[in-house]
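Here is my note on the model you sent. Please read it next to the coordinates.

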Amino acid sequence: MSITQQYLLDTYRARQNGESAPPAPGTHDWQVVREWRDERQFRAVLVGRPARHRFRAALNRWRQRPT
């Protein structure tokens, strides 16, 4: 069963029972990614490593390069 079929089945069952519909697949994906990143940075600080942003550091290096 695909994720879409499961979602439709869950929505149907919720409607039959008078409950609210579940969130659509993929609705909270970015929130999960942000929370995972925050958790990883928090654990790095606890261990004693600086919390780094690889993408942000690369972007800053690209912005600061001489033109």
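1. Salt bridges. A salt bridge here is a side-chain nitrogen of Lys or Arg within 4 Å of a carboxyl oxygen of Asp or Glu. The structure holds two of them. One joins R37 to D38, with the closest N and O atoms 3.7 Å apart. The other joins E39 to R43, with the closest N and O atoms 2.8 Å apart. Side chains of opposite charge can pair when their charged atoms come close.

2. Ground rules. This is a predicted model: local features need pLDDT of at least 70, side-chain atom pairs count only at pLDDT 80 or more, and totals for chains, interfaces and linings use all residues. Residues are numbered from 1 along each chain as its sequence is written, and side-chain values use heavy atoms, with hydrogens and water left out.

3. Exposure of the paired residues. Relative accessible area sets the classes: buried is under 20%, exposed is over 50%, and partly exposed lies in between (1.4 Å probe, protein chains only). R37 has 37% and therefore counts as partly exposed. D38 is also partly exposed, because its value is 41%. E39 is partly exposed at 36%. R43 reaches 52%, so R43 counts as exposed.

4. Overall layout. Helices (H or I, at least four residues) and strands (E, at least two) are DSSP runs, numbered from the N terminus. The chain has three helices and zero strands. Along the sequence the pattern reads α-α-α.

5. Helix α1. This helix covers residues 3-17. The 15 residues of α1 reach 21 Å from first C-alpha to last, close to the 21 Å expected at 1.5 Å a residue. That expected span is 1.5 Å times one less than the number of residues. G18 follows α1 and has a positive phi, near 75 degrees.

6. Helix α2. Does the geometry of α2 agree or disagree with the span it should have? The 19 residues should span 27 Å, and the end C-alpha atoms are 27 Å apart, so the two agree. E39 and R43 both sit in α2, four residues apart, about one turn of the helix. An α-helix has 3.6 residues a turn, so residues three or four places apart point the same way. After α2 comes G48, with a positive phi near 110 degrees.

7. Which residues does Y7 touch beyond its neighbours within four places in sequence? Y7 is in contact (heavy atoms within 4.5 Å) with P22, P23, A24 and P25. The C-alpha atoms of Y7 and P23 are 8.5 Å apart, although the two residues are 16 places apart along the chain. Y7 lies in α1, and its 23% relative accessibility is why Y7 counts as partly exposed. T11, also placed in α1, touches A21 and P22, again not counting residues up to four places away. T11 is buried, because its relative accessible area is 16%.

8. Surface. Of the 67 residues, 6% count as buried. The chain exposes about 6600 Å², of which carbon and sulfur atoms supply 54%. These areas come from the Shrake-Rupley method with a 1.4 Å probe; for residues, only the protein chains shown count as cover. F42, L46 and V47 form a nonpolar surface patch with about 340 Å² of accessible area together. Patches take residues with over 30% relative accessible area and no salt bridge, joining like charges within 9 Å and nonpolar side chains (Val, Leu, Ile, Met, Phe, Trp, Tyr) within 5 Å. L46 belongs to α2, residues 29-47. L46 is exposed, because its relative accessible area is 60%.

9. Confidence. pLDDT is the predictor's confidence in each residue, from 0 to 100. The chain has a mean of 85, and 88% of its residues reach 70 or more. Confidence is highest in α1, at 95, and lowest in α3 (residues 54-64), at a mean of 73. Where pLDDT is low, the predicted coordinates should not be read in detail.
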